[in-house]
Each structure stands twice: as C-alpha cells, then as structure tokens.
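Keep the sequence and the 3D view side by side as you read.

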Amino acid sequence: MPGNAGHSVFLKTISVRTCSSYIDSYSSYNSYSNFTMQQSLKRIESLDILRGLDLFLLVFFQPVLMQICARVDNPLLSTIGQWFSHADWEGLHLWDMVMPLFLFMAGASMPFAFSKYKTADSKWPVYRKVVKRYVILFILGMVVQGNLLGLDPQMFRFYSNTLQAIASGYLIASMLMLHLGQRAQVIATCMLMLIYWIPMHFCGDYTAEGNFAEMVDRAVLGSHRDGVYWDEQGQWHFAPWYHYTWIWSSLTFGVTVMLGAFAGQVIKSGSAYREHTALRLAVIAVVLLLLGYVHSMHTPVNKHLWTTSMTLISGGWCWALMALFYWLVDVKGWSRGFAWLKIYGTNSIVAYMLGEVVNFRSIVQSLSYGLQPYLGDWYNVWITFGNYLIIFLILRIMYKAHVFVKI
C-alpha cells in the first residue's frame with residue numbers, strides 16, 4: 001500500500017549505568033528501592049509485543065485475510081475485509097492505523113535509546129547515529145516503493161514509503177529530544193501541528209486536487225513523485241488516482257513520532273509504579289481522542305494527507321493500545337499468548353523488508369504445485385499463506401538464534 005505500514009526504530013536495552021542513575025533518582029523511597037531495581041532492569045516487553053502485532057498484521061494476517069475475502073461471499077467477512085482496507089479519502093479504518101502505529105512505536109523506544117546521549121558533553125556521536133539511521137531508512141524506503149532496484153533513474157520515486165516517513169519523523173523527533181526539555185518538546189510538537197495546519201487551511205482545501213500538501217509534493221518531486229506515469233510520447237503525468245502526500249506531511253509524521261516518544265517517557269519515568277503508569281497512558285489516550293474528534297469537526301480525518309485531526313485521533317488510539325498492552329504484559333505479566341509476537345517486533349525492519357520486497361511464492365509453488373487441482377480457487381490462498389509462513393519461519397530462526405538486525 002502507499003505509505004504501508006511500514007517499519008520502525010528498535011527499543012535499545014537499557015545499560016546498567018542508565019538503570020543505576022534512574023534508580024538513584026528514587027533512592028529516597030526506600031521501601032520501593034528493590035522493586036525499582038528489578039523493574040528497571042527488566043525489558044519493557046509490551047513495546048516489542050505491540051510492534052510485533054503491527055508487523056504481524058502487515059506481513060501475515062491482512063494479505064491472507066484479503067485472499068480469503070476474495071473467495072468467500074459472506075457479509076460478515078466482507079465487513080471485516082473493509083476494515084482491513086484503507087479508507088478511500090476521509091475517515092480512519094483499522095488498516096489505516098498500521099502506519100501510524102509504526103511511527104508511534106519508533107518514537108516510543110527513543111527515550112530509552114537516547115537516555116545516554118541527553119547529558120553527553122558532545123552530541124556528535126548521536127548526530128552521526130541519527131543521520132545514519134535517516135539515510136538507511138530513506139534508501140530502504142526507495143528499495144520498497146521507489147523503484148530503486150529497477151536501476152532506471154527516470155522511474156525513481158524519491159519519497160513514497162512508510163520507512164521514509166519514519167526516517168523524517170525520527171529526524172524531527174531526535175532534534176527535539178536532544179535539545180529541548182519535556183515541556184518545550186510538548187510546545188514544539190504543538191507548533192509543528194500549527195505550522196502544518198495554517199497553509200492547509202488557508203492556502204487550499206482538503207480535496208484531493210486542491211490541498212496544499214499535494215501542491216508541495218507536485219512542485220518538489222515532479223516526475224519523481226509516486227503515481228507518475230509516462231505516455232507514448234515520452235511525457236510524464238500525475239496519476240489522477242494517487243494523492244498520498246509526503247513532504248509537507250513530514251511535519252505531522254514528526255508529531256506522530258513525538259507522541260510515541262512522550263509515551264516512552266511516561267513508561268520510562270514510571271517503571272517503579274507501573275499500575276499508575278498504565279492509568280496515565282489510558283487517560284492521555286482519552287484526552288487525545290477527544291481533542292482529535294473535536295478537531296475533526298472542521299479539519300477532516302485524512303490519512304492520505306496525515307491531517308492534524310488524523311494525527312491526534314490515530315495518536316490517541318496508539319496511546320490506548322500502548323496502555324492496554326503495557327497493563328496486560330508489564331503490569332499483570334500476562335505475556336502468554338502474546339510473547340510470540342516478539343518474533344516480529346524484535347526484527348521489524350527485516351520483517352517489513354522481507355514482506356514487501358522478497359517474493360517467496362515461487363518456493364511454495366515449486367513444492368506444492370500438485371495441490372492446485374485439489375484446492376482450486378483456494379490454491380492462491382495457500383500460496384499467499386505459504387509466502388508469509390516462510391517469512392515467519394525466517395524471523396523465528398533469527399529470534400531463537402538471538403540475531404536482531406538494528407539500524
């Protein structure tokens with residue numbers, strides 16, 4: 001899908017030094033000191049599990065479900081299939097939440113990963129890390145959706161993929177987190193939404209052809225925008241069906257990543273009082289949802305444009321999911337039934353790239369072509385299932401071998 005949900009920044013293991021400094025900040029609460037030590041040293045499992053759920057939906061559940069829906073005439077299944085497809089223009093389906101959750105989870109891990117750099121004398125090591133991650137994610141996005149492997153510069157699409165949205169949001173969020181305190185981060189995040197909203201509201205409308213973000217993408221990307229096609233005379237044209245926007249929407253990509261970073265800060269600072277932390281996550285989720293739905297009364301909810309109302313509503317649902325999984329997994333310890341999702345969550349970039357770039361269907365066909373006469377129309381369902389089953393098995397082998405690819 002354009003803007004597939006697509007991939008994410010990994011939760012870094014908290015160093016002993018970071019844990020020790022965090023524990024010292026609560027040393028006055030002697031009755032909780034041992035509890036704090038144990039909880040701080042424990043990995044926040046819910047982050048990996050929620051990220052894993054996002055990847056499982058993308059590179060297993062949804063594509064198999066769509067194949068089944070295409071072959072079964074059932075009203076209930078058709079309704080479920082609609083929720084696992086994108087809204088045509090305005091509105092927010094369940095499937096439209098996959099990409100925001102990717103960006104949100106990228107931000108949620110940042111407070112843990114950046115904690116050792118916040119007070120460092122020199123920021124150059126983290127700057128190099130941030131720029132490296134930005135470049136790699138951007139290139140991988142071009143591999144997935146930018147025709148980079150086609151080796152035809154005329155067909156390159158420079159900015160068209162979820163990984164590139166994560167890269168842009170991550171770059172913005174990194175600068176805010178490294179140089180601003182928490183209160184200033186909140187103010188700056190609100191300013192990003194305001195900067196995005198002003199020209200969208202006053203320099204166009206929210207139609208597919210007339211919005212400001214569309215104008216920016218067309219002006220800057222030109223023939224290298226996704227959806228462009230070439231006619232027989234060698235002239236390029238903007239496709240009338242493509243209206244995802246990226247450049248101006250990078251501002252609200254940054255907001256979504258920051259919303260995840262704020263959730264990560266709440267979790268990191270409240271690990272000694274996890275039930276209270278879960279409640280804080282839930283309350284903030286409700287506040288964001290209320291703000292988003294009120295805002296949607298005059299600014300439409302539109303994932304194609306990543307509007308401010310969509311950013312708030314999707315962010316609210318991300319906070320709600322974070323609250324739920326944090327409460328289930330890290331507060332109640334109910335990881336049984338969820339733990340297998342870490343197979344996807346701990347290698348999310350690999351899962352995304354395998355699911356979007358590599359086609360294992362030929363392997364399944366080579367080994368099971370004899371089933372086609374018996375399965376009939378369901379043979380394609382089997383091929384799709386087998387394709388994503390191979391991806392799962394690869395990720396499972398990597399997980400068991402403790403091989404985790406990080407950027």
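A crossing is left-handed if the near helix is turned anticlockwise from the far one by less than a right angle, and right-handed if clockwise. Helices (H or I, at least four residues) and strands (E, at least two) are DSSP runs, numbered from the N terminus. This is a predicted model, in which local features need pLDDT of at least 70, side-chain atom pairs count only at pLDDT 80 or more, and totals for chains, interfaces and linings use all residues. Residues are numbered from 1 along each chain as its sequence is written, and side-chain values use heavy atoms, with hydrogens and water left out.

**Helix H5 with helix H11**

- The crossing of H5 and H11 is right-handed.
- The axes of H5 (residues 98-108) and H11 come within 6 Å and cross at roughly 50 degrees. Axes are lines fitted to C-alpha atoms, for helices over the stretch in contact, and angles run from 0 to 180 degrees between N-to-C directions.
- H5 and H11 are therefore oblique to each other. Angles under 35 degrees count as roughly parallel, over 145 as roughly antiparallel, 65 to 115 as roughly perpendicular and the rest as oblique.
- In H5, the residues Met99, Pro100, Leu103, Phe104, Gly107 and Ala108 make contact with H11. Contact means heavy atoms within 4.5 Å.
- Their partners in H11 include Phe253, Leu259 and Gly264.
- This contact of H5 with H11 has ten nonpolar, four polar and no charged residues. Ala, Val, Leu, Ile, Met, Phe, Trp, Tyr, Cys and Pro count as nonpolar, Asp, Glu, Lys and Arg as charged, and the others, Gly among them, as polar.

**Helix H11 with helix H13**

- The axes of H11 and H13 come within 10 Å and cross at roughly 25 degrees.
- H11 and H13 are therefore roughly parallel to each other.
- Their crossing is right-handed.
- Among the H11 residues that meet H13 are Leu259, Phe262 and Ile267. On the H13 side, Trp319 and Tyr326 are among those in contact.
- By class, the contact of H11 with H13 has nine nonpolar, five polar and no charged residues.

**Helix H16 with helix H18**

- The axes of H16 (residues 361-368) and H18 (residues 379-400) come within 8 Å and cross at roughly 120 degrees.
- That makes H16 oblique to H18.
- H16 passes H18 in a right-handed crossing.
- Arg361, Ile363, Val364, Gln365 and Ser368 are the H16 residues in this contact. Tyr379, Trp382 and Ile390 are among those they meet in H18.
- The contact of H16 with H18 has seven nonpolar, five polar and one charged residues.

**The largest pocket**

- The largest pocket has a volume of about 390 Å³. On a 1 Å grid over the protein atoms alone, a pocket is an open set of points where a 1.4 Å probe fits, with protein on both sides within 12 Å along at least five of seven lines; lining residues have an atom within 4 Å of a point. Grid points are joined across faces, edges and corners, and a volume is the space filled by probe spheres set on the points.
- Of its 20 lining residues, Val186, Leu259, Phe262, Ile284 and Trp319 lie nearest its centre.
- Helices H9 (182-202), H11 (250-269), H12 (274-295) and H13 (308-331) each give two or more residues to this lining.
- The lining divides into 13 nonpolar, five polar and two charged residues.
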